[in-house]
Amino acid sequence: MMYEFLDYETRDVEIVKQPVSAIMSQEPHSVRPKTRLTRVLHQMVEMGNKSFPVVDGHRLVGMVAREDVVRALRSAASGQKAGSGASS
């Protein structure tokens, strides 16, 4: 079943039938490609966000998630150079 995480009672709740536009953030905080990781991490903590869209001008160029920042910090701690992007 595609929705195994939903129990029987939840499947009939109207919210799960809504389009994503009904619940999405309409004006999400975004970061630029050149924003330093320390600033992104600070903003994640301050705002309670787990990810941000990365925009260049008005064009979406990617997403940066907490996992991406943690991966980069782990790489740096082990002496590896940060990669050129997430591998998800």
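From the N terminus on, the elements of the chain run α-α-β-β-α. That comes to 3 helices and 2 strands. The model is predicted. Its largest nonpolar core has 7 residues, and α2 packs against α3 at an angle of about 135 degrees.

**Chain overview**
- The chain has 88 residues, and 16% of them are buried.
- Its accessible surface comes to about 7,700 Å². Carbon and sulfur atoms account for 53% of that surface.
- Take the contacts between residues at least 6 apart in sequence: 21% of them join residues at least 24 apart.

**Nonpolar core**
- The largest nonpolar core consists of Val31, Val40, Met44, Phe52, Val54, Val64 and Val69.
- Two elements, α2 (37–47) and β1 (51–56), each supply at least two residues of this core.
- In soluble globular proteins, nonpolar side chains tend to be buried together.
- Val64 belongs to this core. Leaving aside neighbours within four places in sequence, Val64 is in contact with the core residues Val31, Val40, Met44, Phe52, Val54 and Val69.
- Under that sequence limit, Val64 also contacts Lys50 and Ser51.

**Packing of α2 and α3**
- Helix α3 spans residues 66–77, and its axis lies 11 Å from that of α2.
- The angle between the two is about 135 degrees, which makes α2 oblique to α3.
- The crossing of α2 past α3 is left-handed.
- On the α2 side, Leu37, Val40, Leu41 and Met44 make the contact.

**Leu60 in β2**
- Strand β2 covers residues 59–65 and includes Leu60.
- Leu60 counts as exposed because its relative accessibility is 55%, and the cut-off for exposed is over 50%.
- Not counting residues up to four places away in sequence, Leu60 touches Pro53, Val54 and Val55.
- Leu60 and Arg32 are 28 residues apart along the chain. Their C-alpha atoms are separated by 9.6 Å.

**Glu67 in α3**
- Glu67 lies in helix α3.
- With a relative accessible area of 51%, Glu67 is exposed.
- Glu67 and Lys50 are 17 residues apart in sequence. From C-alpha to C-alpha, the two are 8.4 Å apart in space.
- Lys50 is also among the residues in contact with Val64.

Conventions:
Residues numbered from 1 in each chain as written. Predicted model: local features only at pLDDT ≥ 70, side-chain atom pairs only at ≥ 80, totals over all residues. Heavy atoms only, no water. Helix = DSSP H or I, 4+ residues; strand = E, 2+ residues; numbered from the N terminus. Buried < 20%, exposed > 50% of the residue type's maximum accessible area, 1.4 Å probe, protein only. Contact = heavy atoms within 4.5 Å. Areas by Shrake-Rupley, 256 points an atom, 1.4 Å probe, with all protein chains shown as cover. Core = buried A, V, L, I, M, F, W, Y, C linked by side-chain atoms within 4.5 Å. Axes fitted to C-alpha atoms, helices over the stretch in contact; angles between N-to-C directions. Parallel < 35°, antiparallel > 145°, perpendicular 65-115°, else oblique. Left-handed = near helix turned anticlockwise from the far one by under 90°.
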